[in-house]
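Biologist: I am new to this one. Please show me how to read it, feature by feature.

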Amino acid sequence: MRERSSVGVVCTLLVLAMALLTGCQMLSSSGSGEDTAGERPTAGAGTSSTRASGYGEVFLAVDECSSFGTTSFTEVPCTSERAAARVVARFDGPVRRGPLCPATTDFVLHISAQKSSSGGKSAVPQGYACMRNLEPPHPGDPGGGGGPRTIVGDCVYGSGSGQVRETACDGSGERKPQYKVVKAVAKRTRCPAATALYVRLEGNAPVGCARPV
């Protein structure tokens, strides 16, 4: 089997990936009119360039697979017994400026730029790969307790200092769930009347309507 090492490539752990892409959700009872993350409803609130290729042509292109490591990883054929996760989307540039990973991404690999041996254009540009585990568990699934994005079906708990963090809805995580995101909307006024918490999401519907569980 052919393998390529990840010299200069850092595998960011799930917790770091979550922090980079979604950050902590903020709790507030300030009554601000803005769609702030984790803000509780107040009186009067309304009720209403991915690239694909075969193995080896592009480092960790879409549908290619990687092994797992604590600080590094290697690209391996998806048929290899070492294959652990598959690339579901691949983008150049830093995460904060790039497109969102698919909603059910399990974790993100941050890829450092690697220079070519000739010293010219980078052999591997800076970028990131959105990864999906080949086998369960899938923390990026709704209610899975992880993943780089908070989505409908996910659960959160109060982590102190006015913040909430994601946890598994089935209670298997270190912390029990307190709220569940039941709907994603464009504005807070479109959340159901039973909404107890607004959670900041990403995308075209950036407000998560959460209820107690």
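Modeller: Start with one residue. Pro177 sits in the loop between strand 11 (163-167) and strand 12. Strands (E, at least two residues) and helices (H or I, at least four) are DSSP runs, numbered from the N terminus.

Biologist: What kind of model is this, and how are residues numbered?

Modeller: This is a predicted model: local features need pLDDT of at least 70, side-chain atom pairs count only at pLDDT 80 or more, and totals for chains, interfaces and linings use all residues. Residues are numbered from 1 along each chain as its sequence is written, and side-chain values use heavy atoms, with hydrogens and water left out.

Biologist: Is Pro177 buried or exposed?

Modeller: Buried means under 20% relative accessible area, exposed over 50%, and partly exposed in between (1.4 Å probe, protein chains only). Pro177 has 17% relative accessibility, so it counts as buried.

Biologist: Which residues is Pro177 in contact with?

Modeller: Contact means heavy atoms within 4.5 Å. Leaving aside neighbours within four places in sequence, Pro177 is in contact with Cys155, Val156, Thr167, Ala168, Cys169, Gly171 and Val213. Take Val156: it is 21 residues from Pro177 in sequence, and the C-alpha atoms are 5.4 Å apart.

Biologist: How many helices and strands does the protein chain have?

Modeller: It has 1 helix and 14 strands. The chain has 213 residues, and 42% of them count as buried.

Biologist: How do I read strand pairing?

Modeller: Two strands pair if DSSP finds at least two bridges between them. Strand 12 (residues 179-185) pairs with strand 14 (residues 207-212) in the antiparallel sense, over 6 bridges. There, Val185 stands opposite Val207 of strand 14. Strand 13 (residues 197-200) also runs antiparallel to strand 14, joined by 4 bridges. Tyr198 has Cys209 in strand 14 as its bridge partner.

Biologist: What lies between strand 13 and strand 14 in their hairpin?

Modeller: There are 6 residues between these strands, and in this hairpin Gly203 takes a positive phi near 105 degrees.

Biologist: And aromatic pairs?

Modeller: A pair of aromatic rings is described by the distance of the centres and the angle of the planes. Rings of Phe, Tyr and Trp (its six-membered ring) pair if their centres lie within 6.5 Å; planes under 30 degrees apart count as stacked, over 60 as edge-to-face and the rest as tilted. The structure holds 2 such pairs. Phe68 and Phe107 have ring centres 5.1 Å apart and planes at 45 degrees, so this pair is tilted.

Biologist: Which residues make up the largest nonpolar core?

Modeller: In soluble globular proteins, nonpolar side chains tend to be buried together. A nonpolar core is a set of buried Ala, Val, Leu, Ile, Met, Phe, Trp, Tyr and Cys residues joined through side-chain atoms within 4.5 Å. The largest here has 11 residues, including Phe59, Phe73, Phe107 and Met131. Strand 5, strand 6 and strand 9 each give two or more residues to this core. Strand 6 gives the largest share, 3 residues. Another core, of 9 residues, lies apart from it; Tyr179, Ala196, Leu197 and Leu201 are among them.
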